[in-house]
Every structure is written in C-alpha cells, then in structure tokens.
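Subject: Structure for your review

Dear colleague,

Please find the structure below, followed by an account of what was found in it. I would be grateful if you would read the two side by side.

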Amino acid sequence: MSKLNKNYLSFTFLLMLLGWGICVLCSFNGVLLNDNKWLYALYLLGGLSPTIASYLALKTDNKVTNIKEWLKNIFDFRHHIFSYLMVVIMATIFILPQCVICGYEKGAPIYAIVVMIPMMLVGGGLEEAGWRYILQPELEKKYSFAISTIIVSIIWWLWHLPLFYIQGVGQYGQNYFAFGINVLGLSFALASIRKNTDSVWLCVLFHCIVNSLMGIYIINDNIWGNIAAAAILIICSCALIKIKGRIKYLSK
C-alpha cells in the first residue's frame, strides 16, 4: 500500500473512531444522540473523517498546496452531458431493482431531491474526496480494477460499522451484511464513474443522488433486492470499463 493511502486511512479511522467511537460509548450508556445535541458535533466529525483525512493526507504528501487547490480538484464541474447521464442511470440502476423486488414506502416527495442532493454533500457525498479521490486510484496502481474496488468496498463497509450501534441514526438496528452487499455494488459503480470520467465531483454527485433516493424510496428489508442491485451495478460497471478500454485500444 502506498504511503499516501497509509496516511489517508490512518487519518480517516483515527478521526472516525474519535467521533463515532464516543457516540457508540454514549449510546451504550443511554446518552442518546436525539437527546444530547452536542453529540452531533462528534457524529459529524465521524461522517466527515474521509473528507478531512483527504486534505490532510494530500497536504502531508505535497499533492496539494492549499485548500483552494484541493477543492478545485474535487469540484470539477465541467464534464460532457453523457457523463452526467451515466451518473443518473447508475443511481437508477441501484434503486430500481430494490423497489421492484423488495417493495418500498414513500418517503420525501420526488421533487424534494432538488433540495436533498446539496444536503447530502455533508450526508455522505463528500466521503468521495477520500475513497475515490485517493484510495481507489492509488490501489489501481498495484492491483486490477476489480481487486482494488473490492478492497475499497471492504474498507468502506468496515468504516460504517459504528453507525449500526449508535441509536438515533438510520443504520441503527439494520442488517449490516445486507448493507455490505449494497456497499459492494456502489463501490463498483463509483469506481467505474471515477475511471471513466476521471472525476471526483461526479462520484460525489452519484453518492448524493443515491442517498437522496433512499430518503424518497424507503426500501423494505429483503436481501434479494440488495443482491440484485449489486449484481447489476457490478456487471454494468465492468462492462463500461471494458468498453472504455476497447475504445482506447482502437484509437491507438
């Protein structure tokens, strides 16, 4: 593993354990998030740990000189319309099979997604400043696309574990294994977006859209929906990588 990845993961898990670890201990002792608003600062620290760690690791490794450069690398908005369309299609592929197979309850109205997407920058999207900006590309320097993506998905899955023990958050009491299947599928989709577009921003946008859709379509518990969505995402992602590689080969 590269020095950059080691620094990034060290910073990420240190900050996550500091924030979410205290929240877990408080939850075990009856000090709940909803009743103690000060805990939200620690909860937010844990959630933003991949984002904060991204800047710290890149700065330490002299990959960026300041926050302005770092932000510019993340928010690279100028991309072809087809790249944005790919993001929307991938998000739809994730949510649709689960709605069909598992069934769902209506959450927020669909038009609320306009407001929810910006909100989800803090609610998950900015994680991509680390996972797909640093971790995935660095691993691909040594391993294949598929192996790198599986490694990232396992790390990403483990990073989420404390959330399943913090009362008052969405993951509390949910099926951690089923969540892991979703993480695997999403990891392939995000890695494919990153590799095909060379964009961190489009990964951020995809993450925001997916999290927003999960607040609009409340999926019923059924692991087969998770499996179907993950399988379709993996197949589509690998196909896109193959197509990109083929086009690149033919253009030589």
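Which side chain meets that of R194 in a salt bridge? The partner is D198, at 2.9 Å from N to O. Please note that the model is a predicted one. Within this pair, R194 is buried, with a relative accessible area of 12%, whereas D198 counts as exposed at 58% relative accessibility.

The structure holds five salt bridges. Another of them joins K195 to E140, with the closest N and O atoms 2.8 Å apart. Because K195 lies in helix α9 and E140 in helix α7 (residues 131–140), this pair ties together parts that are 55 residues apart in sequence. K195 counts as partly exposed, at 36% relative accessibility.

R194 is also in contact with Y133. Leaving aside neighbours within four places in sequence, the other residues in contact with Y133 include W70, E128 and V200. In the largest nonpolar core, which has 64 residues, Y133 is one of those that touch the most other members, together with Y8, W70, W131, L135 and F206. Helix α10 gives the most to this core, namely 12 residues.

The largest pocket holds about 1200 Å³ of space. Of its 43 lining residues, G170, Q171, F179, N211 and M214 are the closest to the centre. Elements giving two or more residues to the lining include α9 (176–197), α10 (200–216) and β2 (217–219). By class, the lining comprises 24 nonpolar, 17 polar and two charged residues.

Yours sincerely

Definitions and conventions: Residues are numbered from 1 along each chain as its sequence is written. This is a predicted model: local features need pLDDT of at least 70, side-chain atom pairs count only at pLDDT 80 or more; totals for chains, interfaces and linings use all residues. Side-chain values use heavy atoms; hydrogens and water are left out. On a 1 Å grid over the protein atoms alone, a cavity is a set of points where a 1.4 Å probe fits but cannot get out, and a pocket is an open set with protein on both sides within 12 Å along at least five of seven lines; lining residues have an atom within 4 Å of a point. Grid points are joined across faces, edges and corners, and a volume is the space filled by probe spheres set on the points. Helices (H or I, at least four residues) and strands (E, at least two) are DSSP runs, numbered from the N terminus. Ala, Val, Leu, Ile, Met, Phe, Trp, Tyr, Cys and Pro count as nonpolar, Asp, Glu, Lys and Arg as charged, and the others, Gly among them, as polar. A nonpolar core is a set of buried Ala, Val, Leu, Ile, Met, Phe, Trp, Tyr and Cys residues joined through side-chain atoms within 4.5 Å. Buried means under 20% relative accessible area, exposed over 50%, partly exposed in between (1.4 Å probe, protein chains only). Contact means heavy atoms within 4.5 Å. A salt bridge is a side-chain nitrogen of Lys or Arg within 4 Å of a carboxyl oxygen of Asp or Glu.
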